[in-house]
Amino acid sequence: MKMKPQKKGDTCVIDYEGFVDGAAFEGGKGQAHPLELGSNSFIPGFEDQLVGTKPGSDVEIKVTFPENYHGKDLSGKDAVFKCHISEIKRKERPTFDDDFVQDISEYNTVAEYKENLKKKLTEEYEIEFNKKKEDLAVAKAAENATVEIPELMIETQTDNLLEQHFNTLKGYGLDIQKYMEITGMNIENMREMMREEAEKRCKVSLVLEAISRAENYTVTQEEMDARIEEMAKQYTLELEQVRQVMNANDGETLKQEIALSKAVKMITDGAKLVEPKEEKAE
């Protein structure tokens, strides 16, 4: 099959050498260099002159180095690049058919693949929607409650948020000290910023605990087993592995989490979603 001439978006593999006033210059030579046409990674005008060429061809490309070129010896000068096109790599969109589906998934037909994708997206949307509904309902319940929050609880929660923030920065490969220098912040500034969110979380926690106690929620062994099974799936571990690493304190914490989730459910089930009113134009 004959290869069509190059067009923008194609990647050509080239050997090249540049000359100014007939003399080769330092840094102007390369071999087997992949260059995507249209990427503007070479001197202006260079890539445009490769459009339409074919593999195996030799071309001369005439360009002028920009006045602000980083190499002062070359800035503003005319140059000729002798190029050999050794290969063209072209991005081609595959046909979305049964064969393609079988290559990328466990399904045999496009219809099966689409049905599974639809199911997954629906499940993800429902999970996200329900979580958002829970958060809004609980936040509103906490907002309307009068709760005295111990200062130590707020300080501890602030510390936790700060540690989470630092861990996120480290995950992105950012140095904490350098980050603070760039942003002009210090630990106290950051703690102050996070204190409001910490206070909200503490209030929500206390409200849920109060509801749990008032409703006298109990947690059955079946509910514990179901939650442990969820954890095993989440962390891709065997059920017994999770049980073995859990101690008595972990068990009590898990019971408390399940009881609080019942309080969240009670609040959410009693909540009504209200459509925002449209503002009338005057």
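Q: How many bridges pair S3 with strand S4 (residues 78-89)?
A: This is a predicted model: local features need pLDDT of at least 70, side-chain atom pairs count only at pLDDT 80 or more, and totals for chains, interfaces and linings use all residues. Residues are numbered from 1 along each chain as its sequence is written, and side-chain values use heavy atoms, leaving out hydrogens and water. Strands (E, at least two residues) and helices (H or I, at least four) are DSSP runs numbered from the N terminus, and two strands pair if DSSP finds at least two bridges between them. S3 and S4 pair in the antiparallel sense, and the number of bridges is seven.

Q: Which residue in S4 is the bridge partner of Asp-58?
A: Asp-58 sits in strand S3 (58-64), an edge strand that pairs on one side only. Its partner in S4 is His-84.

Q: What is the strand order of the open sheet?
A: The sheet has four strands with antiparallel pairing.

Q: How are H2 and H5 oriented to each other?
A: The axes (lines fitted to C-alpha atoms over the stretch in contact, with angles from 0 to 180 degrees between N-to-C directions) of H2 (residues 110-143) and H5 (residues 187-215) come within 9 Å and cross at roughly 90 degrees. Angles of 65 to 115 degrees count as roughly perpendicular. So H2 and H5 are roughly perpendicular.

Q: How far apart are the end C-alpha atoms of H3 (residues 151-171)?
A: The expected span is 1.5 Å times one less than the number of residues. For the 21 residues of H3 that gives 30 Å, which agrees with the distance in the model, 30 Å.

Methods:
Angles under 35 degrees count as roughly parallel, over 145 as roughly antiparallel, 65 to 115 as roughly perpendicular and the rest as oblique.
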